[in-house]
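Hello, and thanks for passing this one along. My notes follow as numbered points, so please keep the structure open while you read.

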Amino acid sequence: MELLRQENPEYELDDIVGKSGIERAMETTLQGTKGHLSVYVDNVGHIREIIYQTTPKSGSDVYLTIDRDLQKGIYHLIEQQLAGVLASKLVNAEDSINKNVSGSSRMIPIKAHGFS
């Protein structure tokens, strides 16, 4: 927090800041500016006059990207793994094969009808 306060003295101890990853690295970009409001109030806390007001401003957005070819390669690897899992569950059997089976032990019956 002290390092952030050196960059921006408006940081306070109760501010929410990025603790790790991209939020930590880009904290000062993501952090906006606080608004301020100074008012006169009566004895029961009702605002009687606004003395000074500034509106808060949002921080900047950060967009993350991934290499297109890397993303496509990962997608194909996952697709192959899922196809392997699916293929390992296919059996030439009737629907009744799963009668007393639950969860990941269930098989996918694909009995070919009308063929010998």
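1. The largest pocket holds about 280 Å³ of space. A pocket here is an open set of points on a 1 Å grid over the protein atoms alone, with protein on both sides within 12 Å along at least five of seven lines, and lining residues have an atom within 4 Å of a point. Grid points are joined across faces, edges and corners, and a volume is the space filled by probe spheres set on the points. This is a predicted model, where local features need pLDDT of at least 70 and side-chain atom pairs count only at pLDDT 80 or more, while totals for chains, interfaces and linings use all residues. Residues are numbered from 1 along each chain as its sequence is written, and side-chain values use heavy atoms, with hydrogens and water left out.

2. Which residues line the largest pocket? They are Met 1, Leu 3, Leu 4, Glu 7, Val 17, Gly 18, Lys 19, Arg 24, Ala 25, Glu 27 and Thr 28. By class, that lining has 5 nonpolar, 2 polar and 4 charged residues; Ala, Val, Leu, Ile, Met, Phe, Trp, Tyr, Cys and Pro count as nonpolar, Asp, Glu, Lys and Arg as charged, and the others, Gly among them, as polar. Helix 1, helix 2 and helix 3 each give at least two residues to the lining, and helix 1 has the largest share, with 3 residues. Helices (H or I, at least four residues) and strands (E, at least two) are DSSP runs, numbered from the N terminus.

3. Two of the lining residues deserve a look together. Leu 4 is in helix 1 and counts as buried because its relative accessibility is 16%. Leu 3 also lies in helix 1, yet Leu 3 is exposed, with a relative accessible area of 65%. The cut-offs are under 20% for buried, over 50% for exposed and partly exposed in between (1.4 Å probe, protein chains only).

4. The whole structure has 1 cavity of 30 Å³ or more, where a cavity is a set of grid points at which a 1.4 Å probe fits but cannot get out. The largest cavity contains about 50 Å³ of space. Its lining consists of Asn 8, Glu 10, Tyr 11, Asp 15, Gln 31, Gly 32, Thr 33 and Lys 34, which by class gives 1 nonpolar, 4 polar and 3 charged residues.

5. Two of those cavity residues, Lys 34 and Asp 15, also form a salt bridge, with their closest N and O atoms 2.9 Å apart. The pair links distant parts of the chain, 19 residues apart: Lys 34 is in the loop between helix 3 (27-30) and strand 1 (36-41), and Asp 15 is in the loop between helix 1 (2-7) and helix 2 (21-25). Lys 34 is partly exposed at 25% relative accessibility, whereas Asp 15 is buried at 18%.

6. How many salt bridges does the structure hold? There are 3, each defined as a side-chain nitrogen of Lys or Arg within 4 Å of a carboxyl oxygen of Asp or Glu. Another one joins Arg 48 and Asp 42 at 2.6 Å, N to O. Arg 48 is exposed at 60% relative accessibility, while Asp 42 is buried at 19%. Asp 69 and Arg 68 also meet in a salt bridge, at 3.6 Å, N to O, and both residues are exposed.

7. On the surface, Ile 66, Leu 70, Ile 74, Leu 77, Ile 78 and Leu 82 make up a nonpolar patch with about 570 Å² of accessible area together. Patches are made of residues with over 30% relative accessible area and no salt bridge; like charges are joined within 9 Å and nonpolar side chains (Val, Leu, Ile, Met, Phe, Trp, Tyr) within 5 Å. Accessible areas come from the Shrake-Rupley method with a 1.4 Å probe, and for residues only the protein chains shown count as cover. Leu 70 lies in helix 4 (residues 68-89) and is partly exposed at 44% relative accessibility.

8. Ala 87 is in helix 4, and its C-alpha atom is separated by 72 Å from that of Ile 51, 36 residues apart along the chain.
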